[in-house]
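User: Good morning. I would like to go through a protein model with you, one topic at a time.
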Amino acid sequence: VNAPALLASQQPELKPWTRLCEQMGSIVAQLLGGGVSRVQVEVVGPAVGKAGSLCAASALIGLFKTLTNDISLNLVNAPIVARDRDIEVAHSVGEAGVYNQLVTLTVKTGTQTQIISGTVFGNQGRIVRLGHHWIEFSPGGYSLIYRNIDKPGVLASVAGCMASKKVNIGSAIISSCDSEGFVTSIMSLDKKLGAEVLAQLKALPDVAEVHLVHIA
């Protein structure tokens, strides 16, 4: 990150975006679990159109803090860590589509690709896309993210499992159905789930790709 980008990071209007990019990087790290080979950031809109490198560096901070627990990461050394790990980092400017202002982070490993997009309303960052699904939620606290076949009773089964463990569900959001008949579901929770509970969720019929993510 060059000096102008560092100066731009102090601008009040960009701080919600850099915070959002860091959160997006953390979410992707928790979903993929490591082995990152490429990080791509696309920015759209007047607020972030000239801040691609800044957004990319912020995403790297979230990514590496989650993977390494290194709290010393910052806008200057995060890109250096990526270079030292032979991770390709790129940023580009895209065209407006569903949202006039948007940041999209695409992270690749040797076998997986994860896409996440976010925007800012006022000063509040919102995730608006996860994978191939447009789905809107506020990043923060514990979130249960899973894919499931779009059929009646799945949400009730997951909610029942949460109730049996005395876990409160703050909100439950379900995406539209994809071409394979799957939806992405996201529940905000009031506490961390243990490995045993996650195993029970993965064993439920019609439920797949269960992840618990945490954003401080």
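User: Is Asp86 buried or exposed?
Analyst: The model is a predicted one. In it, Asp86 has 69% relative accessibility, so Asp86 counts as exposed. Asp86 belongs to the loop between α4 and β2.
User: What is the phi of Asp86?
Analyst: The phi of Asp86 is near 60 degrees, which is a positive value in a residue other than glycine. Most residues other than glycine have a negative phi.
User: Where is Asn69, and what is its phi?
Analyst: Asn69 is placed in the loop between α3 (52-68) and α4 (77-84). Its phi is near 60 degrees, again a positive value in a residue other than glycine. Asn69 is exposed because its relative accessible area is 65%, and the cut-off for that word is over 50%.
User: Let us change topic. How many aromatic pairs are there?
Analyst: Searching the whole structure gives 1 aromatic pair. The ring centres of Tyr99 and Trp134 are 5.9 Å apart and their planes are at 35 degrees, so this pair is tilted.
User: Where in the chain are the two partners?
Analyst: Tyr99 is in the loop between β2 (88-93) and β3 (102-109), while Trp134 is in strand β6 (residues 133-137). They are 35 residues apart, and the pair links distant parts of the chain.
User: What is the relative accessible area of Trp134, and which residue lies over its face?
Analyst: Trp134 has a relative accessible area of 39%, so it is described as partly exposed. Arg129 lies over the face of Trp134, 5.5 Å from the ring centre.
User: Which ring does the charged end of Arg147 sit over?
Analyst: The charged end of Arg147 sits over the ring of Phe182, at 4.5 Å from the centre of that ring.
User: Which residues is Glu209 in contact with?
Analyst: Leaving aside neighbours within four places in sequence, Glu209 is in contact with Ile145, Tyr146 and Arg147. Glu209 is found in strand β10, and its relative accessible area of 47% makes it partly exposed.
User: What about Pro16: buried or exposed?
Analyst: Pro16 has 11% relative accessibility, so it counts as buried. Pro16 is in helix α2. Not counting residues up to four places away in sequence, Pro16 touches Val120 and Asn123. The C-alpha atoms of Pro16 and Val120 are separated by 6.9 Å, although the two residues are 104 residues apart along the chain.
User: Finally, which members of the largest nonpolar core touch the most other members?
Analyst: They are Val39, Val41, Leu63, Val103, Leu105 and Ile116, in a core of 43 residues. There is also a second, separate core of 16 residues, which includes Val158, Cys161, Met187 and Leu189.
User: Which residues does Ile116 touch?
Analyst: Not counting residues up to four places away in sequence, Ile116 touches Met24, Ile27, Val28, Val103, Thr104, Leu105, Ile127, Arg129 and Leu130. Among them, Arg129 is the residue that lies over the face of Trp134.

Notes. Residues are numbered from 1 along each chain as its sequence is written. This is a predicted model: local features need pLDDT of at least 70, side-chain atom pairs count only at pLDDT 80 or more; totals for chains, interfaces and linings use all residues. Side-chain values use heavy atoms; hydrogens and water are left out. A nonpolar core is a set of buried Ala, Val, Leu, Ile, Met, Phe, Trp, Tyr and Cys residues joined through side-chain atoms within 4.5 Å. Buried means under 20% relative accessible area, exposed over 50%, partly exposed in between (1.4 Å probe, protein chains only). Contact means heavy atoms within 4.5 Å. Rings of Phe, Tyr and Trp (its six-membered ring) pair if their centres lie within 6.5 Å; planes under 30 degrees apart count as stacked, over 60 as edge-to-face and the rest as tilted. Helices (H or I, at least four residues) and strands (E, at least two) are DSSP runs, numbered from the N terminus. A charge sits over a ring if NZ of Lys or CZ of Arg is within 6 Å of the ring centre and within 35 degrees of the ring normal.
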